[in-house]
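Student: I would like to learn how to read side-chain contacts in a protein model. Please take me through some cases.

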Amino acid sequence: MTTDTPTDAFEEHRPVLMGVAYRMLGRVADAEDVVQDAWLRWSAADRTEVREPRAYLMRVTTRLAIDRLRQVKARGEAYVGPWLPEPYVTEFGDTVPDTAERAVLADSVSLAVLVVLESLSPLERAVFVLREAFGYPYADIAAMLDRGEPAVRQLAGRARKHVDERRPRYEVDPAQRRDLTERFLAAAAEGDLAGLMKMLAPDVRLIGDSGGKSKAPLRILETADNVGRFLVAVAGKGIPEMSFRFLELNGGPAVLILSGDTPDSVFQVDVSAGRIRSVYIVRNPDKLRSLASA
């Protein structure tokens, strides 16, 4: 592809820059701000000195994301109840045709993995994202971060060990997840506790994120009985002018629940051995604004 203007060159790489920034921050608005700042740096740069625009833009975006993440951690913002990443539309379409590559990208942006990444240092998170999600060589990552390659390898090993120890193991078959999601939604809407119990693993967990701005559990619910009864109780209360649609969010099928034209919540499940092992519910309105037109 030949690019004729600075805008053309930037837009060619915008999707991957957004992918890196979101995986670093777990927040769509923050990721968009970082990418916009990268554009400002790019538009002001002496591009005659830039031999590889993609490498330049990745370096700028990664460093800006690290700075933003450090600011967030330094503020030590208190969050009411469990925290989940902001849902992110990941319609890979034909842009990632290889099945193995799609699986890696989907896993690296999953809610389960992004929750674990929150516990890494900003540098560890950057190295993990660049290496595990985008396959960059250690030497290239070292150049982006202005670190020695041995130090980057050490950061990568520490981050990978941390993530491997803490992230749950789930099946990623999208057809199975979609089928269980559809049956789960139908059973919950009908208040069918027996139907739900057949789909929920005994040790299922429900993580609800409201940020204290809407109704959701302020702690993680555990066991099929507790989760099933909670879902039936919620369904009994109803949502005004409720409708729903399926989207691909964070690399897997999800359900967007609307009240009229306003996003009310997002549901997503993780599956293992044919049973639902985790239920994620995002109800913080600040995290649903970007889905209004999805």
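Tutor: Start with a charge and a ring: Arg178 lies over the face of Phe246, and the distance to the ring centre is 3.9 Å. Keep in mind that this is a predicted model.

Student: Which residue lies over the face of Tyr138?

Tutor: Arg131 does, at 4.1 Å from the ring centre.

Student: How is a pair of aromatic rings described?

Tutor: Two values are used: the distance between the ring centres and the angle between the planes. In this structure, a search of the whole model finds 5 aromatic pairs. One of them is formed by Tyr22 and Tyr88, with 4.2 Å centre to centre and 25 degrees between the planes. Planes under 30 degrees apart count as stacked, so the pair of Tyr22 and Tyr88 is stacked.

Student: Where in the chain do Tyr22 and Tyr88 lie?

Tutor: Tyr22 is in helix H1 (residues 6-25), while Tyr88 is in the loop between helix H3 (53-75) and helix H4 (99-108). They are 66 residues apart, and the pair links distant parts of the chain.

Student: Are Tyr22 and Tyr88 buried or exposed?

Tutor: Both are buried. Now take another pair: Phe184 and Phe267 are 6.3 Å apart, centre to centre, with 50 degrees between the planes, and this pair is tilted.

Student: Why does the pair of Phe184 and Phe267 tie together parts of the sequence?

Tutor: Phe184 lies in helix H9 (residues 174-190) and Phe267 in strand S5 (residues 262-272), so the pair ties together parts that are 83 residues apart in sequence.

Student: Why do Phe184 and Phe267 count as buried?

Tutor: Buried means under 20% relative accessible area. Phe184 is buried because its value is 2%, and Phe267 is buried because its value is 16%.

Student: How many salt bridges does a search of the whole structure find?

Tutor: The search finds 21 salt bridges. One of them joins Glu11 and Arg14, whose closest N and O atoms are 2.9 Å apart. Both residues lie in helix H1, 3 residues apart, which is about one turn of the helix. Glu11 is partly exposed at 37% relative accessible area, and Arg14 is partly exposed at 31%.

Student: What is the relative accessibility of Arg289?

Tutor: Arg289 has 59% relative accessibility and counts as exposed. Its salt bridge is with Asp286, with 2.8 Å between the closest N and O atoms. Asp286 is partly exposed, at 29%.

Note on methods. Residues numbered from 1 in each chain as written. Predicted model: local features only at pLDDT ≥ 70, side-chain atom pairs only at ≥ 80, totals over all residues. Heavy atoms only, no water. Phe/Tyr/Trp six-rings, centres within 6.5 Å; stacked < 30°, edge-to-face > 60°. Helix = DSSP H or I, 4+ residues; strand = E, 2+ residues; numbered from the N terminus. Buried < 20%, exposed > 50% of the residue type's maximum accessible area, 1.4 Å probe, protein only. Lys NZ or Arg CZ within 6 Å of the ring centre and 35° of its normal. Salt bridge = Lys/Arg side-chain N within 4 Å of Asp/Glu carboxyl O.
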